[in-house]
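I opened the model to look up its charged pairs and the surface between its chains. My entries follow in the order of the look-ups.

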There are 2 protein chains.
Amino acid sequence: MNIIPPSMEQEIAGRISRIARELSSQGIDAMLLSSFVNLYYTSGRVFCGYAYVTASGDATYFIKRPIGLENGNVQYIRKPEQIADAIAAHKPASVALELGSASYNTVSRLQNVFGDAKIADATPIINKLRSVKSEFEIAKLKDCGIRHAAAYGKIKKIFREGMTDIELQIEIEHLLRSEGCLGQFRIAGDTMELFMGNVLCGNNAETASPYDFAMGGGGLDESLPVGCNGSLIKPGNAVMVDMCGNFNGYMTDMTRVFSLGNIGDLAKRAHQLSIDIHHRLAKMAVPGTEAKALYDEAMEMVKNASLDGYFMGLKQKAGFIGHGVGIEVNEQPVIAPRSRDLLQEGNVIALEPKFVIPEVGAVGIENTYVVRPDGFECLTNFQEEIIEL
Amino acid sequence: MNIIPPSMEQEIAGRISRIARELSSQGIDAMLLSSFVNLYYTSGRVFCGYAYVTASGDATYFIKRPIGLENGNVQYIRKPEQIADAIAAHKPASVALELGSASYNTVSRLQNVFGDAKIADATPIINKLRSVKSEFEIAKLKDCGIRHAAAYGKIKKIFREGMTDIELQIEIEHLLRSEGCLGQFRIAGDTMELFMGNVLCGNNAETASPYDFAMGGGGLDESLPVGCNGSLIKPGNAVMVDMCGNFNGYMTDMTRVFSLGNIGDLAKRAHQLSIDIHHRLAKMAVPGTEAKALYDEAMEMVKNASLDGYFMGLKQKAGFIGHGVGIEVNEQPVIAPRSRDLLQEGNVIALEPKFVIPEVGAVGIENTYVVRPDGFECLTNFQEEIIEL
């Protein structure tokens, strides 16, 4: 089996040449990637081993597992030290390693492979490149968004009165999996853990979580303090469904709100403001726009409506309203007040201006968008208004 | 809310004092933990921040999120550099950081917090301590095993003829979640990713995976090449169900085999040998036994039965037959040929001698055991023979 899936040869060649160009421009001779996400990005397949990309545009795949992958540029190894022999003839003077994700011990061991080569950080380089999606990737994300939205269209049918939040969540998980969701949701860094997403209802939406998410929830156990806490879904509750869709290795992020009975004017007004923010920001979000400007515009709209007390949480507030999404659920750019990112054509961004309304729950929507020359194109098209259960 | 759940005060005090004793004996002044699993281990709760434990037995929790946790030893911080001020009066000369799990950049930043203190590796110290479970932890694991086994008892009822492997897996996931399984399965290191476990059937069991698991499977997508590949479950197939149970922050690991129609004598013989290995090893596994000796004994039984060609995979074979389990699914000790571990009372071990039989699938069982003075006590009690669908 060729390590690069046949349908992806051109796509992978493009990614490798963009990495090589970036290495050249930064004066770095080579990059060695070891995380599953970046091996997937540079080969089209998750394997255990390393991808070695040089500034001159060569890619070599050093593979530990699985057996049976082939390609002119594949070499099987048992341990990373064998890479030293393989590159002995062209030892790099500088090499970028994944300092932001690989463990200290892993980096130290890889550092030894390269002797006295200068070590650079591959993490920001590859993150920046991955934040601009190719049309191939956008097609995957579109497919994902369509399937994600189709699953959300069936949520109303699976709700039964008397359900708790976790009972509803489990049925939505089952629905998503039955529609082809692969399950695994990859997250970068060490400040988050994610199963399949979260359903929040009533006052549980106020409970602060340890994770760096837009919303919280108390969870069912001290070992996993986020999301559902077993609350009965009661009349007057808003039910926020924020479940990730991973249908093909790429993910869309999407939130919709369901209501049981009358949730009151404050919640309805806040939800409508979230929709308005989406539509306003979608027009602003042309390439070159500061990510920070999107955040500022949203905050101004929220303050003008005097809803800032409820925005992004009550006592503990999230510091961002949007984030890149792709192979991982927290990619670049981040839509936050101190972000220095400028939007680029091909960025894919999940925008999630949300409100927590006491006694009711969380309201507001999240869509995944791609940045096009004229602003956001939505990948998660589905009724944005509150859906009555 | 007290950071330490009231029911866990004594338990946490015991863990802290064991860490302190180990630091003392190694001549290390303090340990700073930052991973969710080790924060959970040292506080009884997942939070975002750091646990600082000194060789004299003091524990301080530096918390970023969530708001509202209280205790005499809690300090809220925005960034790790604030820890430097807090410990200025008692600066350690040496400090252990999680070099095996924290990223290179995280460790470098924490290193700066401690100025010129000597840095030690906290990972092997805490892993070793965590490998010996207290009676409190064993009680959680017992509870987990009972619920895990109860869910497995319902698998036969949810099978319908004409199902594919993934259809069955999705129903088992739903069953486990409905029975209280928390979903998240924590795994240490960077050589594995796990959703809820795997169902393997027919020739898909032969397909090698990139992950360091006992068994493989091709998966449904290049982005997640493990487990189910969408195969129809056909007469003559063995269906191996290896789904994790995480019901309370601690996990049991358990595998059972189901069959459709006649799977043949070779598969039945191999399955019985797996059961026999379990029973033989359960008696051997008294404290002080070499982990390696368990592996060697199993291999000898397999070779005597001339089944080594099928053992732990066909072409790509797993290099271990058992592993510790607890907060994470891959703890110490490891039952492998080059393991230097000696079994200790309170080790909790998932033992999984398995075989891949061409055209049939994978057979063999996995149980989670606790090491007691007289050998293994089983935590996952459920019919071990092949269950006919």
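Ground rules. The model is predicted, so I kept local features only at pLDDT of at least 70 and side-chain atom pairs only at pLDDT 80 or more, while totals for chains, interfaces and linings use all residues. Residues are numbered from 1 along each chain as its sequence is written, chains are lettered from A and ligands numbered from 1 in the order in which they are written, and side-chain values use heavy atoms, with hydrogens and water left out.

Entry 1, within chain A. I looked up Arg130(A) and found its side chain in a salt bridge with that of Glu328(A), at 2.9 Å from N to O. The two are 198 residues apart: Arg130(A) sits in helix H5 (residues 122-131), and Glu328(A) in the loop between strand E10 (322-324) and strand E11 (331-335). Helices (H or I, at least four residues) and strands (E, at least two) are DSSP runs, numbered from the N terminus. Arg130(A) is buried at 2% relative accessibility, and Glu328(A) is buried at 9%. I used under 20% relative accessible area for buried, over 50% for exposed and partly exposed in between (1.4 Å probe, protein chains only).

Lys354(B) forms a salt bridge with Asp242(B), with the closest N and O atoms 3.1 Å apart. This pair spans 112 residues, from the loop between strand E12 (348-351) and strand E13 (355-357) to strand E8 (residues 237-246). Lys354(B) is buried with a relative accessible area of 0%, and Asp242(B) is buried with 17%.

I counted 56 residues of chain A in contact (heavy atoms within 4.5 Å) with 56 residues of chain B. The two chains bury about 4,800 Å² between them, 59% of it on carbon and sulfur atoms; buried area is the accessible area (1.4 Å probe) that two parts lose on being put together, summed over both. On the chain A side, Tyr104(A), Arg177(A) and Phe195(A) lose the most area to chain B, together 15% of what that side buries.

Which charged pairs cross? The count between chain A and chain B is six salt bridges. One of them joins Glu173(B) and Arg177(A) at 2.6 Å, N to O. Another joins Arg177(B) and Glu173(A), also 2.6 Å, N to O, and runs from helix H8 (residues 165-178) of chain B to helix H8 of chain A. Arg177(B) is buried at 6%, as is Glu173(A) at 5%.

Chain A can be laid on chain B with an RMSD of 0.0 Å by a turn of 180 degrees and a shift of 0.0 Å along the axis, which is the relation of a two-fold axis. I superposed the copies by least squares on the C-alpha atoms of residues with pLDDT of at least 70 in both. Of the interface residues of chain A, 100% are also interface residues in chain B, so the copies meet through the same surface.

Methods:
Salt bridge = Lys/Arg side-chain N within 4 Å of Asp/Glu carboxyl O.
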